[in-house]
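Reader: I have a structure open on my screen and would like to go through it with you, piece by piece. Could you take my questions as they come?

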Amino acid sequence: MSKQKYCMDCGSNLILKKVDESDRLVCSLNCGYIFWNNPIPVVAILVKYQDKYLIAHNKIWPKGLYSTISGFLEEKETVYECASRETKEELGLKVIRSKIIDTFTYKEMNQLIIAMFAECDGEISLDDEIDDTKLLTLDELKELDVGPMKLLEYIITACEKRALFNEYEAVL
């Protein structure tokens, strides 16, 4: 359940109540506010750079864990704009072409993950969030032990199921 305690409309306490057959937090003064706890959209980008796949290490992660770069979708931003912005911010790279791979629900964090491919160029310039990157061939990527970073595993699996690696390898 959410940590939200107060009504966003009138500031009253929230109470648990059945709404549409689910327990929801609603305004205790019945102003009509319902906290739906909708998932937060996050874009995760599998970067193709110099004919290899780039994975990154976030400074807050344990040593040795790598995954895609990712970021929250901002207001009035398309997923393509988000992928371009995050790639530029975190890696200093320009997206030339991008494509949606799939969507995943990350229930533990209440996030909707929108996984994307992005072919990029430019020079890598890491921001304060990322402290290392690895460039992998497709075979190395497929054989990578992702450890607890299951998002990358989901993305690789989705690409294989949909033959997207074949499509991307042929096009790029």
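Predicted model: local features only at pLDDT ≥ 70, side-chain atom pairs only at ≥ 80, totals over all residues.

Reader: Fine, and in which sense do S7 and S8 pair, and over how many bridges?

Author: Strands S7 and S8 are antiparallel to one another, and 11 bridges hold the pairing. The hairpin they make has four residues between the strands, and within that hairpin Asn-110 takes a positive phi near 50°.

Reader: What about S4 and S8, do they run parallel or antiparallel?

Author: S4 and S8 run parallel, and they are joined by 10 bridges. As one example of a facing pair, Leu-46 stands opposite Phe-117 in S8.

Reader: How many of the residues of S8 are buried?

Author: Nine of its 11 residues are buried, so S8 is largely enclosed by the rest of the structure.

Reader: Let me move to the start of the chain. In what order do the three strands of the open sheet come?

Author: The order is S1-S2-S3, with antiparallel pairing in this open sheet. S1 and S3 are at the edges and each has a single partner strand, so one side of each is left without a neighbour in the sheet.

Reader: How many bridges join S1 to S2?

Author: There are six bridges between S1, which covers residues 14–19, and S2, which covers residues 22–27. Among the partners, Lys-17 is bridged to Arg-24 in S2. The hairpin of these two strands has two residues between them, and Asp-20 in this hairpin has a positive phi near 50°.

Reader: And over how many bridges do S2 and S3 pair?

Author: Two bridges connect S2 with S3, a strand of residues 34–35, again in the antiparallel sense. Here Leu-25 stands opposite Phe-35 in S3, and the hairpin has six residues between the strands.

Reader: Where is Asn-30 found, then?

Author: Asn-30 sits in the loop between S2 and S3. Its phi is near 60°, which is a positive value in a residue other than glycine.

Reader: Is Asn-30 buried or exposed?

Author: With a relative accessibility of 57%, Asn-30 counts as exposed, because the cut-off for that class is over 50%.

Reader: Changing topic, what is the span of helix H3 from its first C-alpha to its last?

Author: Helix H3 consists of 12 residues, 150–161, and reaches 16 Å between those two atoms, close to the 16 Å expected at 1.5 Å a residue.

Reader: Which residues of H3 are buried?

Author: The buried residues of H3 are Leu-152, Ile-155, Ile-156, Ala-158 and Cys-159.

Reader: What follows H3?

Author: Ala-163 comes after H3, with a positive phi near 55°, and this residue is found in the loop between H3 and H4. Ala-163 is partly exposed, at a relative accessible area of 36%.

Reader: While we are there, is Asn-166 buried or exposed?

Author: Asn-166, which lies in helix H4, residues 164–171, is exposed, with a relative accessible area of 55%. Its C-alpha atom is separated by 49 Å from that of Val-26, a residue 140 residues apart from Asn-166 along the chain.

Reader: Now the largest pocket, please: how much space lies in it?

Author: The largest pocket holds about 650 Å³ of space. It is lined by 28 residues, of which Trp-61, Ser-70, Tyr-106, Gln-111 and Leu-151 are the closest to its centre.

Reader: Which elements give two or more residues to that lining?

Author: They are strands S4, S5, S6, S7 and S8, together with H3. The largest share comes from S6, with four residues.

Reader: What classes of residue make up the lining?

Author: The lining of the largest pocket has 16 nonpolar residues, seven polar ones and five charged ones.

Reader: Last one, about Gly-71: is it buried or exposed?

Author: Gly-71, which lies in strand S6, is buried, with a relative accessible area of 8%. The C-alpha atoms of Gly-71 and Leu-138 are separated by 24 Å, and the two residues are 67 residues apart along the chain.

Key: Residues numbered from 1 in each chain as written. Heavy atoms only, no water. Pairing = 2+ DSSP bridges. Expected span 1.5 Å × (residues − 1). Buried < 20%, exposed > 50% of the residue type's maximum accessible area, 1.4 Å probe, protein only. 1 Å grid on protein atoms, 1.4 Å probe; cavity = no way out; pocket = protein on both sides within 12 Å on 5 of 7 lines; lining within 4 Å. Points joined across faces, edges and corners; volume = space filled by probe spheres on them. Nonpolar A, V, L, I, M, F, W, Y, C, P; charged D, E, K, R; others polar.
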